[in-house]
Amino acid sequence: MRLRRRSRRSWCRRQCCETKRPCRCGRMPLAAGRDWRSVCVKACGYQAQEETGIQERDDEMQITELTALELGRKIKSKEISVREALDASYQRIDALDEGLNSFVTLDRERAYARADMVQTQIEDGSITGPLAGVPVAIKDNLCTKGLLTTCSSKILYNFVPTYSAEAVLNLEKAGAVILGKTNMDEFAMGSTTETSAFGPTKNPWNTGHVPGGSSGGSCVAVAAEEAPYALGSDTGGSIRQPSSFCGVVGMKPTYGTVSRYGLIAYGSSLDQIGPIAKDVSDCAAILEMIASHDKKDSTSVARTDCDFTSALVDDVKGLRVGIPSDYLGEGLDDEVRQAVLDTADALRQKGAVVEEFDLSLVEYAIPAYYVIASAEASSNLSRFDGVKYGYRSAEYEGLHNMYKKSRSEGFGEEVKRRIMLGSFVLSSGYYDAYYLKALRTKALIKQSFDRAFEKYDIILAPASPTTAPELGKSLSDPLKMYLGDIYTISVNLAGLPGISVPCCLDSKGLPIGVQMIGDCFHEKAILRAAYAYEQARGRFAMPGITAGACDKSEAKAGIRPGSNYDTTAGTHVGGKHGTAVEAHAGNTVPAAPSAPNAAAEQEGE
Ligand code: GLN
């Protein structure tokens with residue numbers, strides 16, 4: 001089948017770059033004293049490729065404008081010190097984050113101490129990796145030893161882990177310096193970062209819009225150039241969808257590639273940690289660092305093919321690309337559809353063989369996902385009871401009343417909705433009708449992907465049906481919000497790797513991302529396709545947001561992490577400004593991630 005052709009890029013070039021009329025995003029392409037090409041890149045995300053090819057990076061580039069690998073190279077060559085890199089990120093955070101609210105906790109003091117240590121290790125040659133000394137932002141559901149880890153929930157407002165997640169340790173071994181922890185939907189349940197107990201995060205492309213979720217804080221930190229790269233987690237699209245809304249690259253690896261040890265579990269059989277960065281090369285390099293076999297996670301896979309950066313070749317000749325026609329129909333925004341077709345064209349021009357096909361079972365993915373994810377969540381979240389760690393209600397009568405009140409007051413609305421749904425589908429009488437049926441559907445969805453990968457090397461798809469919605473428009477209709485996960489959740493149900501790459505901006509000036517999906521353990525196929533596409537597209541500039549651009553009034557609505565709900569013993573450093581807060585003594589969460597069938601086990605109890 002022949003795919004429709006698009007004209008947007010040439011329209012953009014003609015209107016914006018060649019005739020120098022206002023671009024579709026409304027900005028003028030020529031600013032006084034500046035090269036019009038760079039303004040065009042800022043304004044519409046495109047570069048005048050015919051004239052320049054991939055934009056050359058120049059020496060005047062700010063530290064925060066560099067990609068993680070570029071910064072790593074400059075640190076290695078002693079052009080920039082680790083402290084300077086850290087200063088640049090914190091200055092940007094200080095200027096912007098009161099409005100954007102992408103971080104919930106900053107770790108300034110320890111970061112500077114670590115920067116000095118890493119600098120010495122780089123100089124004495126004991127750390128040699130490509131991202132040594134580069135600062136990183138970590139999603140707040142990844143445990144970090146001695147640093148608040150709240151899952152953006154009131155129930156964990158004071159939780160300070162006694163250990164770090166394996167992925168975080170892997171980064172630290174490679175010389176990463178943690179800036180702080182990023183905002184997210186509470187317990188990673190949501191698609192907008194509005195269910196956070198610490199107020200919503202705002203999209204730096206337009207602060208009246210959401211950044212997507214649940215890893216919205218991590219994606220905004222990268223898009224607003226507060227952090228060169230970040231870690232997120234993806235249970236049903238939480239890396240890929242916000243990456244697409246924020247114009248950054250986000251990747252969910254094959255299930256089992258990155259250890260889930262220390263990732264506070266949402267849906268254990270679906271959760272994966274992954275990188276969020278400015279480009280595909282960064283993503284490959286980060287994944288190479290965090291992928292590891294870990295005995296502490298029983299679902300971790302021992303892989304011998306983790307040299308992901310070897311896939312960064314600009315060559316897709318003969319690559320077989322399938323686009324599910326079921327993904328291009330009703331419900332998909334026209335501009336997003338066009339972006340997918342544009343991407344297909346770009347790959348075809350580089351020698352890939354692109355065609356549409358029927359994936360089938362697409363309409364069953366959302367119900368199956370929400371049954372399975374909620375069932376596992378209801379089991380995983382049973383450990384938060386006000387006894388071992390986190391929030392405890394101030395007034396209660398007896399043990400059961402304490403559980404009830406702590407959980408009622410500690411969890412937000414969306415989390416309670418999932419716990420109720422999960423408990424319902426696991427309850428006797430409904431287990432077969434809902435939970436088992438959802439597991440069977442999951443197996444069938446995996447089979448339809450298996451059939452597709454007999455014919456195709458990668459699947460090209462939208463990341464989300466629309467671009468970022470306006471703040472405050474999504475939570476009132478949860479079912480509608482769940483429908484927005486249509487293109488991402490099957491990838492988790494089937495355990496596949498997927499990457500979201502920015503393609504262009506829509507008519508409102510918001511980024512559109514396209515998704516590339518690979519067969520299990522075939523990350524290299526999608527990295528290669530995404531890299532080749534990126535070479536054709538040119539540099540996708542970040543929005544270049546400045547301090548006055550966001551309204552600071554709403555971002556801080558809600559409670560703050562580390563604030564005082566109780567006065568139980570123990571003091572640690574945490575909170576956004578590194579203030580000392582009270583905590584329960586002996587805060588811990590169970591170290592090993594729950595087995596994928598934890599929900600089923602609970603039912604059997
Ligand atoms: N939006 C989906 C949900 O709410 C996906 C979230 C995720 O991947 N963590 O479940």
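A polar side-chain atom of R418 lies 2.8 Å from an oxygen atom of the ligand. That counts as a polar contact (a pair of N or O atoms within 3.5 Å). The protein covers 100% of the 290 Å² of accessible area that the ligand has on its own, by the Shrake-Rupley method with a 1.4 Å probe. This is a predicted model, where local features need pLDDT of at least 70, side-chain atom pairs count only at pLDDT 80 or more, and totals for chains, interfaces and linings use all residues. Numbering runs from 1 along each chain as its sequence is written, and side-chain values use heavy atoms, with hydrogens and water left out.

**Ligand contacts**
- A backbone N or O atom of G190 lies 2.9 Å from an oxygen atom of the ligand.
- D485 places a polar side-chain atom 3.0 Å from a nitrogen atom of the ligand.
- Around the ligand are 15 residues, each with a heavy atom within 4 Å of it.
- Of these, T235, G236, S238, Y266 and Y369 come nearest.
- The shell divides into five nonpolar, seven polar and three charged residues. Here Ala, Val, Leu, Ile, Met, Phe, Trp, Tyr, Cys and Pro count as nonpolar, Asp, Glu, Lys and Arg as charged, and the others, Gly among them, as polar.

**Cavities**
- There are five cavities of 30 Å³ or more. A cavity is a set of points, on a 1 Å grid over the protein atoms alone, where a 1.4 Å probe fits but cannot get out.
- The largest cavity has a volume of about 100 Å³, taken as the space filled by probe spheres set on the points.
- Its lining has 15 residues, and G190, S191, S238, Y369 and D485 are the closest to its centre. Lining residues have an atom within 4 Å of a point.
- By class, this lining has five nonpolar, eight polar and two charged residues.
- The ligand sits in the largest cavity, with more than half of its atoms within 2 Å of the grid points.

**Backbone features**
- A cis peptide bond joins G213 and S214, with omega about 10 degrees.
- S214 is in the loop between β3 (177-182) and α8 (216-223). Helices (H or I, at least four residues) and strands (E, at least two) are DSSP runs, numbered from the N terminus.
- F187 is found in the loop between β3 and α8. F187 has a positive phi of about 55 degrees.
- Most residues other than glycine have a negative phi, and most peptide bonds are trans.

Notes. Polar contact = N/O pair within 3.5 Å; in protein donor to acceptor, adjacent residues only side chain to side chain. 1 Å grid on protein atoms, 1.4 Å probe; cavity = no way out; pocket = protein on both sides within 12 Å on 5 of 7 lines; lining within 4 Å.
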